Amino acid sequence: MQSWNSLPLFRLIFPLILGILLADYLYFKQLPIVNLSLLVLLFIIQSKRMNYRYRWAFGALAYLFVFGTGVWLKTNSLDKNQENFFANHLDDDSFLFIELLEDPSEKPNSYKAVAEVLTVNEQPSCGKILLYLHNELDSLSYGSQFMTIKKPQHLKLPSNPYQFDYADFLNHRNISHQLYLTKEDIVLVDDVAGHVILKWVISIRKQLLSRLNNSDLSEDGKAISSALLLAYKNDMNSSLKDSFSRSGVIHILAVSGLHVGIIYILLAALLSFMDKTIFLRWLKLFLAYKPYEPEILEVILTIQGELLE
């Protein structure tokens with residue numbers, strides 16, 4: 001078996017990952033200085049060729065340096081730790097220039113979307129916010145840019161200690177503020193901004209969603225197909241999600257399109273030996289479909305029927 005000593009880079013991955021995971025609890029402003037000091041000390045130790053008995057000191061300092069690097073990398077990647085983070089420059093008279101980073105998703109009483117604050121008072125800034133848009137702003141889409149004088153608010157913390165912490169969930173995705181806007185709150189500047197390739201991909205996605213909605217599938221079937229194939233989960237109602245949860249496959253809603261294709265190819269290869277006899281073929285179908293709820297089975301069988309045709 002190959003010795004760990006011959007894989008030094010692989011051994012350094014563990015303190016790096018540990019530093020990234022613990023960054024939220026261990027970061028302090030002087031960390032870059034401490035890390036730089038450790039690096040200098042490592043060079044000194046290496047150049048002095050210290051006694052072999054103290055080789056552990058070099059290893060310990062190297063692990064500590066890599067651990068600190070992981071903490072710094074994670075912390076430095078967060079917008080809220082940047083000097084030009086938009087919330088650091090807000091005042092009562094601030095006006096924000098905002099760009100939508102995605103198409104708004106429809107909710108019962110509003111639309112929801114993630115956006116980027118490009119400037120505050122015409123000064124370049126960074127930071128994502130969660131937008132809740134009034135229903136009359138349904139014309140906004142990916143790349144829409146507008147100005148507003150409304151001040152973003154911090155995400156609300158859960159009122160129940162055992163409730164899902166949605167604010168913490170969003171914080172790990174670089175979102176720390178939210179803002180509700182009506183038509184009177186914004187001045188539309190540009191409706192065609194955004195990356196050209198991403199706009200093209202979104203337009204194709206809309207076309208595919210339209211084809212799915214015009215298919216003969218039931219409403220639940222359309223919602224499941226959209227979620228699995230196009231990562232569009234806005235049509236998934238609570239009862240449908242409960243069906244996935246009871247079947248033990250709620251996690252597959254986190255994948256879509258390419259992932260489904262890869263999983264299908266792998267499973268087809270692994271179970272190919274079961275195609276030799278009729279009995280094994282039926283057993284294969286039973287094992288594949290037994291755990292699913294009727295709504296999920298409908299989509300699977302319908303899609304397979306289309307493929308066979």
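Predicted model: local features only at pLDDT ≥ 70, side-chain atom pairs only at ≥ 80, totals over all residues.
**Exercise 1.** Work out which residues of H6 are buried, and where around the helix they sit.

*Solution.* Start with burial: Ile202, Leu209 and Leu212 of H6 are buried (under 20% relative accessible area with a 1.4 Å probe, protein chains only; exposed means over 50%). Next, check the arc, taken from the directions from the helix axis to the C-beta atoms: these three cover only 75° around the axis, which puts them on the same side of H6.

Numbering starts from 1 along each chain as its sequence is written, and side-chain values use heavy atoms, with hydrogens and water left out.

**Exercise 2.** Find what the buried residues of H6 pack against, and how the two helices are arranged.

*Solution.* The partner is helix H7 (219–230). The packing angle is about 155°, and the axes are 10 Å apart (lines fitted to C-alpha atoms over the stretch in contact, with angles from 0 to 180 degrees between N-to-C directions). That makes H6 roughly antiparallel to H7 (angles over 145 degrees). For contacts (heavy atoms within 4.5 Å), Arg205, Leu208, Leu209, Leu212 and Asn213 in H6 meet Lys222, Ser225, Ser226 and Leu230 in H7.

**Exercise 3.** Describe how H3 and H4 pack.

*Solution.* Helix H3 (residues 31–48) and helix H4 (residues 55–76) pack at about 155°, axes 9 Å apart. They're therefore roughly antiparallel to each other.

Definitions and conventions: Helix = DSSP H or I, 4+ residues; strand = E, 2+ residues; numbered from the N terminus. Parallel < 35°, antiparallel > 145°, perpendicular 65-115°, else oblique.
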